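Please read it alongside the sequence and the model shown below.

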Amino acid sequence: MSTTWIEVADTALKIGLGAMITAVSGYLMLKRNQNHELEKERRARFYDLQEQKKKIYVDFLSKSEALVQSYLSSTFCGDTEDYKEYLTSFNQVQIMSEDEIRIAAYNLLSSVNVFICSNKNTPDYDDLKAYRTDVNAKVGFFQKVVQVEVTREYESA
């Protein structure tokens, strides 16, 4: 009878240990899968945000260059719809970006404002050329800073 009791206890112990091992490994697999899903969602959100930023940056750059072209031979003197849209675009960049990009965007806005508000009725062509060169330099710098930002790869937490 003692042989039977030992066999029953041995079998129960093996079943209990097997169940415990199964439960622990199931928990660990579930935890790993959840972490993987969370990381996948973070990665997707990061790249969606990158796409949104690209659109905002391209819109701001396009509007900067469009304003310069629009006021190439005339002076900006008022409250126009294209300038309001430009300011909206600028503010979107300011809200969505890190400090380096915000500073570059502000510098570009400032250069565009100087150019479009400069006197075109009795122009000093050397000044206009210098203002336009400054706008081009600020556009190029903004493009480079933005390129670094939007081509950045996702880094896991």
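Is Arg102 buried, partly exposed or exposed? Arg102 is partly exposed, because its relative accessible area is 31%; buried means under 20% relative accessible area, exposed over 50%, and partly exposed in between (1.4 Å probe, protein chains only).

The model is predicted, and local features need pLDDT of at least 70, side-chain atom pairs count only at pLDDT 80 or more, and totals for chains, interfaces and linings use all residues. Residues are numbered from 1 along each chain as its sequence is written, and side-chain values use heavy atoms, with hydrogens and water left out.

**Overall architecture**

- The chain has 4 helices and 0 strands, where helices (H or I, at least four residues) and strands (E, at least two) are DSSP runs numbered from the N terminus.
- Along the sequence, the pattern reads α-α-α-α.
- The radius of gyration of the chain is 31 Å, whereas a compact globule of 157 residues would have one near 15 Å; the value is taken over C-alpha atoms, and the globule rule is 2.2 Å times the number of residues to the power 0.38.
- Taken along the principal axes, the C-alpha atoms fill a box of roughly 115 × 25 × 15 Å.
- Among contacts with a separation of 6 or more, 75% join residues 24 or more positions apart, a contact being heavy atoms within 4.5 Å.

**Surface and burial**

- Of the 157 residues, 26% count as buried.
- The accessible surface of the chain is about 10900 Å², and 58% of this belongs to carbon and sulfur atoms; such areas come from the Shrake-Rupley method with a 1.4 Å probe, and for residues only the protein chains shown count as cover.
- Val24 lies in helix 1 (residues 2-70) and is partly exposed, at 45% relative accessibility.

**Helix 3 and helix 4**

- Helix 3 (residues 99-117) has 19 residues, and its end C-alpha atoms are 27 Å apart, in agreement with the 27 Å that it should span at 1.5 Å a residue; the expected span is 1.5 Å times one less than the number of residues.
- Helix 4 (residues 125-150) has 26 residues and reaches 37 Å from its first C-alpha to its last, close to the expected 38 Å.
- Ile101 in helix 3 is buried, at 3% relative accessibility, while Glu100 in that helix is exposed, with a relative accessible area of 54%.
- Beyond its neighbours within four places in sequence, Ile101 is in contact with Tyr57, Val93, Phe142, Val145, Val146 and Glu149.
- Ile101 and Phe142 are 41 residues apart along the chain, yet their C-alpha atoms are separated by 7.1 Å.
- The buried residues of helix 4 include Phe142, Val145, Val146 and Glu149.

**Salt bridges**

- The whole structure holds 11 salt bridges, each defined as a side-chain nitrogen of Lys or Arg within 4 Å of a carboxyl oxygen of Asp or Glu.
- Asp99 and Arg102 form a salt bridge (3.2 Å, N to O); both lie in helix 3, 3 residues apart, about one turn of the helix.
- In helix 4, Asp134 and Lys138 are 4 residues apart and therefore separated by about one helical turn, and their side chains meet in a salt bridge (3.1 Å, N to O).
- Asp79 pairs with Lys84 in a salt bridge (3.5 Å, N to O); Asp79 is exposed, with a relative accessible area of 63%, whereas Lys84 is partly exposed, at 38%.
- A network of salt bridges links Lys53, Glu98, Glu149 and Arg152.
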